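Here is a friendly briefing to read alongside the model.

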Amino acid sequence: MTDAQAPTIALLVSGERGRRTLARTIQGFGYRLVFDAAPERVQLSELTDVVADLWLLDMPDESALVDWLLESSPVPVLLGSGEIPPPEDEDHVRWQRRLLHKLSTLLGKPPQAPGILRPEPRPLPLSRRCVWLLGASLGGPAAVKQFLDALPAQAPVAFVYAQHIDAGFESQLPHILGRQNAWRIRNCTEGSQLQHGDVLVAPIGRALRFGADGQIQLQDQPWPGAYQPAIEPLLDELARVFAPDCGAIIFSGMGEDGVAACGRLRRQGMEVWTQSAASAACATMPEAVRTAGFSTREGTPDELAAALQQWLEQERAADA
């Protein structure tokens with residue numbers, strides 16, 4: 001069974017921590033997550049557009065959403081996933097096994113063995129979070145996926161992925177990028193924190209900022225300028241919050257979004273790398289950074305992944 005044929009699950013869960021844990025666990029099993037939302041932010045009319053093989057609900061029973069799904073859903077509705085033990089608790093693995101058994105009974109076995117279950121990350125002190133931006137436009141998803149496939153998800157780094165793309169594809173990017181790797185690729189959720197092992201997809205329609213302790217803050221206003229999302233202010237934001245433990249890789253794309261911010265990053269002593277022109281579907285964006293003199297390394301996605309793994313190992317050794 002291919003990833004495209006994997007059973008799909010829609011998630012309606014109250015509570016940020018439980019929803020994030022369930023989303024990561026379900027994707028770790030090998031199922032596809034096609035809807036993931038807090039019930040208090042969902043209108044009943046939105047549910048009619050969701051196409052899934054199963055609904056997993058963990059919310060108050062008296063909700064109108066629950067009533068509608070139980071009466072109208074053409075697919076199974078699973079109520080509750082059981083109390084979720086903390087990741088460090090030995091009962092957490094037992095909870096995962098019970099959930100997998102329930103889902104397998106209703107949907108069939110997932111297409112991959114549950115050997116890449118993605119545990120809830122333990123919060124890191126802000127000063128220890130290494131965060132790099134992955135910027136891309138035309139040809140970007142294929143290049144970024146190749147890069148992530150070549151880099152172990154256990155690497156002590158998180159990514160913010162800024163991809164110029166139509167808003168209709170934003171929710172699909174985690175599924176596109178997450179095949180054949182164990183990175184926790186997710187869309188933005190207000191208040192959650194960026195941890196090592198995460199790939200955060202920058203939103204298209206709302207500007208993104210980070211709080212003093214690194215929590216995600218979605219702004220009511222759109223990104224400034226012509227690009228959505230805008231690499232320029234996003235790079236400045238990462239430098240403001242995570243410097244000096246941050247950097248940028250500019251992949252395939254058109255335009256010159258982010259060039260000036262790459263220069264500011266370099267003047268602060270941080271790394272800026274670019275995809276090589278020969279390996280890019282469209283070399284305009286990485287070449288603009290290189291021509292401006294701000295690229296300290298260029299290569300294919302595979303070469304950049306190997307270089308980043310080596311760079312992280314050197315940084316870890318220097319801190320030891």
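Ser-276 sits in the loop that links strand 12 (271-275) to helix 9 (284-291). Please keep in mind that this is a predicted model. Its average pLDDT is 87, and 91% of the residues score at least 70.

**Around Ser-276**

- Is Ser-276 buried or exposed? With a relative accessibility of 14%, Ser-276 counts as buried, because the cut-off for that class is under 20%.
- The side chain of Ser-276 makes a polar contact of 2.8 Å with the side chain of Ser-279.
- Once neighbours within four places in sequence are set aside, Ser-276 is in contact with Glu-298, Gly-299 and Thr-300.
- Two of those partners, Glu-298 and Gly-299, fall within the residue range of strand 13 (297-299).

**The sheet of 7 strands**

- This open sheet has the strand order 7-8-6-5-11-12-13, with parallel pairing.
- Strand 7 (184-187) and strand 13 (297-299) are the edge strands, and each of them pairs on one side only.
- On average, neighbouring strands here are turned by 20° against each other, direction ignored.
- Helix 9 packs on the sheet and touches strand 5, strand 11, strand 12 and strand 13. The direction of helix 9 makes about 135° with that of strand 12.
- Helix 5 (residues 140-150) lies across strand 5, strand 6 (158-163), strand 7, strand 8 (198-201), strand 11 and strand 12. Relative to strand 6, helix 5 runs at about 165°.

**A look at strand 11**

- How many residues of strand 11 (residues 246-250) are buried? The count is 5 of 5, so the strand is mostly covered.
- Cys-246, Ala-248 and Ile-250 point one way from strand 11, while Gly-247 and Ile-249 point the other way; all are buried.
- On one side, strand 5 (residues 131-136) is joined to strand 11 by 5 bridges, and the two run parallel. Trp-132 has Gly-247 as its bridge partner in strand 11.
- Strand 12 is joined to strand 11 by 4 bridges, again in parallel. Ile-249 stands opposite Trp-273 of strand 12, and Ile-250 stands opposite Thr-274.

- A separate entry in your tour is an open sheet of 4 strands, ordered 2-1-3-4 and paired in parallel.
- Strand 2 (32-37) and strand 4 (77-79) stand at the edges with a single partner strand each, so one side of each has no neighbour in the sheet.
- Neighbouring strands of this sheet are turned by 20° against each other on average, direction ignored.
- Strand 3 (residues 54-58) runs parallel to strand 4, and 3 bridges join them. Leu-57 stands opposite Leu-79 of strand 4.
- Helix 1 (residues 16-29) packs on this sheet, touching strand 1 (8-13), strand 2 and strand 3. The direction of helix 1 makes about 170° with that of strand 1.

**Leu-44 in helix 2**

- Leu-44 lies in helix 2 (residues 44-47) and is partly exposed, with a relative accessible area of 38%.
- Not counting residues up to four places away in sequence, Leu-44 touches Ala-64, Leu-65 and Trp-68.
- Leu-44 and Pro-7 are 37 residues apart along the chain, and their C-alpha atoms are separated by 23 Å.

**Cysteines**

- How many disulfides does the structure hold? The number is 0.
- Cys-262 is in no disulfide, and the nearest cysteine sulfur, that of Cys-246, is 11 Å away. Cys-262 is buried, with a relative accessible area of 0%.

**Where to read with care**

- Over residues 113-122 the pLDDT stays under 50. The model has 29 contacts beyond four places in sequence for residues 113-122.
- Where pLDDT is low, predicted coordinates should not be read in detail.

Conventions
Residues numbered from 1 in each chain as written. Predicted model: local features only at pLDDT ≥ 70, side-chain atom pairs only at ≥ 80, totals over all residues. Heavy atoms only, no water. Disulfide = S-S within 2.5 Å. Buried < 20%, exposed > 50% of the residue type's maximum accessible area, 1.4 Å probe, protein only. pLDDT = per-residue confidence, 0-100. Contact = heavy atoms within 4.5 Å. Pairing = 2+ DSSP bridges. Axes fitted to C-alpha atoms, helices over the stretch in contact; angles between N-to-C directions. Polar contact = N/O pair within 3.5 Å; in protein donor to acceptor, adjacent residues only side chain to side chain.
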